[in-house]
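Thank you all for coming. I would like to take a few minutes on charged pairs and on one part of the surface.

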Amino acid sequence: MNATRTTYKRLDWILIGSYVLLAVFGWLNIYAATYSEEAGSIFSLASRSGNQLMWIGISVTAGILTLLLMNSRILRRLAWPLYILSAILLAAVLIFGHEVNGSKSWLSLPGGFAIQPSEFSKIATALCLSRVMGTYGFKLSRSADFLKVAAILIVPVGLIALEPDVGTILVYCSLAFMLYREGLPGSILGLAGAAILLFLLTLKFSPFVSILTAIGIVGVIRAATSKKPVGCILLFAIYITAAAFIPKLLGTEFISRFNGLEPEYWLLIITAAVSIGTTVYAIRKRAKGWSPYLIGLAASIALIFSVDFIFHNVLQPHHRDRIENLLGISSDLMGAGYNVNQSKIAIGSGGLTGKGFLEGTQTKFNFVPEQSTDFIFCTIGEEWGFVGSIIVLALYLTIILRIVTSAERQKDIGMRVYSYCVASMLFMHVFVNVGMTIGVMPVVGIPLPLISYGGSSFLTFTMLLAIHLRFDLERWK
């Protein structure tokens with residue numbers, strides 16, 4: 001009895017309390033998002049709120065059983081079987097799944113239910129990474145170990161990309177934070193960020209602007225590692241400033257007679273010539289350290305000139321429309337930009353304290369599609385206002401910080417890896433979902449954890465948190 005009481009006290013009750021508050025708040029807002037004068041009771045299984053309550057009950061029961069019956073040894077043994085099962089389900093959904101909003105990601109079950117295998121794959125992948133990275137002698141810096149982690153991630157991401165489900169792919173990308181904590185060089189994250197920046201700049205402006213930006217990024221990195229940083233910065237600044245006048249020079253009457261190339265091609269020719277000259281100079285003077293920067297610049301330019309192909313041949317039409325609306329390239333308030341525009345109207349109309357529960361006009365009259373799922377945050381903003389929105393975000397922040405704090409105190413590397421996976425996934429879900437409802441992120445199919453309507457999502461996050469709590473209890477042994 002004393003041991004049970006001690007274990008009971010060591011549970012993270014702040015995390016559990018935040019979870020309960022989000023679950024209840026989500027249930028209320030699902031009812032509000034689907035409310036009408038003819039609507040049934042909030043408990044009715046014929047309504048989305050009633051279905052969500054049922055899933056809350058199932059999820060809480062599964063979470064409690066996990067806490068009581070599972071331990072780290074059992075969970076590690078289950079890691080590979082669960083991973084293989086999730087891969088089979090992800091493959092099955094490509095064959096037998098039905099399409100929802102342009103993504104073939106749902107499997108139908110008897111009784112009218114449907115599951116989303118990509119949600120459950122998050123649990124399996126986190127457990128598998130925990131088992132592999134927690135083995136004795138594992139080092140992410142070792143090529144063989146890095147390839148093991150890459151292989152674990154490539155299988156689910158590749159299958160999800162075939163659906164396609166961009167939102168879940170973004171969630172898997174968030175595991176880079178965990179990898180960084182476990183030894184992945186920060187330069188890799190920096191390169192990924194630079195690639196995204198160049199991609200967006202090319203779409204929004206032109207390849208010319210992106211090439212100048214790439215040269216600037218290389219210049220800053222080179223200066224940071226140089227023995228003469230000031231001189232290096234001045235050299236790159238002079239080159240970028242001079243190159244910026246190329247479009248102006250090409251527009252003059254004399255040069256325009258002989259010019260048949262766009263400014264970015266002239267900039268590419270000049271930059272290639274300077275790069276070759278720099279290489280020859282470095283070889284003759286036996287100067288070291290220039291090769292990585294020139295290779296990085298070449299890779300950046302290759303990416304810039306691949307943007308058009310990637311954008312028009314890899315991304316789906318509805319993704320292209322949403323990105324163009326987000327970047328302001330096009331404006332279609334009655335088409336691709338409709339959801340976001342109505343969502344911002346709903347959130348803005350809520351003011352400081354909101355219109356009150358069940359009093360949201362945007363919500364009542366169904367101006368925002370998917371308002372009980374992907375766009376439920378606009379219901380919160382309209383009916384509970386800025387104050388309610390901040391409270392919800394504070395609850396998420398509390399859960400994430402509790403997980404990270406627990407992970408840092410964890411002596412077992414595998415358990416720490418798992419907890420960081422959970423924190424990263426939760427953060428990315430909240431960041432992307434809230435971002436798209438306020439118009440700062442492209443619209444992708446990604447729910448707000450524990451609040452959006454959906455049994456697969458709620459059960460997944462409940463199990464992710466329950467396993468974390470189980471690992472956290474074992475930290476006290």
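A surface patch here is made of residues with over 30% relative accessible area and no salt bridge, where like charges are joined within 9 Å and nonpolar side chains (Val, Leu, Ile, Met, Phe, Trp, Tyr) within 5 Å. What we have is a predicted model, in which local features need pLDDT of at least 70 and side-chain atom pairs count only at pLDDT 80 or more, while totals for chains, interfaces and linings use all residues. Residues are numbered from 1 along each chain as its sequence is written, and side-chain values use heavy atoms, with hydrogens and water left out.

Leu261, Tyr265, Trp266, Ile269, Ile270, Val274 and Phe305 make a nonpolar patch of about 560 Å², the accessible areas coming from the Shrake-Rupley method with a 1.4 Å probe and, for residues, with only the protein chains shown counting as cover. Ile270 sits in helix 14, residues 263–284, helices being DSSP runs of H or I with at least four residues, numbered from the N terminus.

Turning to charges, the whole structure holds nine salt bridges, each a side-chain nitrogen of Lys or Arg within 4 Å of a carboxyl oxygen of Asp or Glu. One of them joins Asp12 to Arg402, with the closest N and O atoms 3.1 Å apart. Because Asp12 lies in the loop between helix 1 (2–10) and helix 2 (13–33) and Arg402 in helix 20 (residues 376–409), the pair ties together parts that are 390 residues apart in sequence.

Within helix 5 (residues 117–133), Lys122 and Glu119 lie three residues apart, about one turn of the helix, and they too form a salt bridge.

Key
Helix = DSSP H or I, 4+ residues; strand = E, 2+ residues; numbered from the N terminus.
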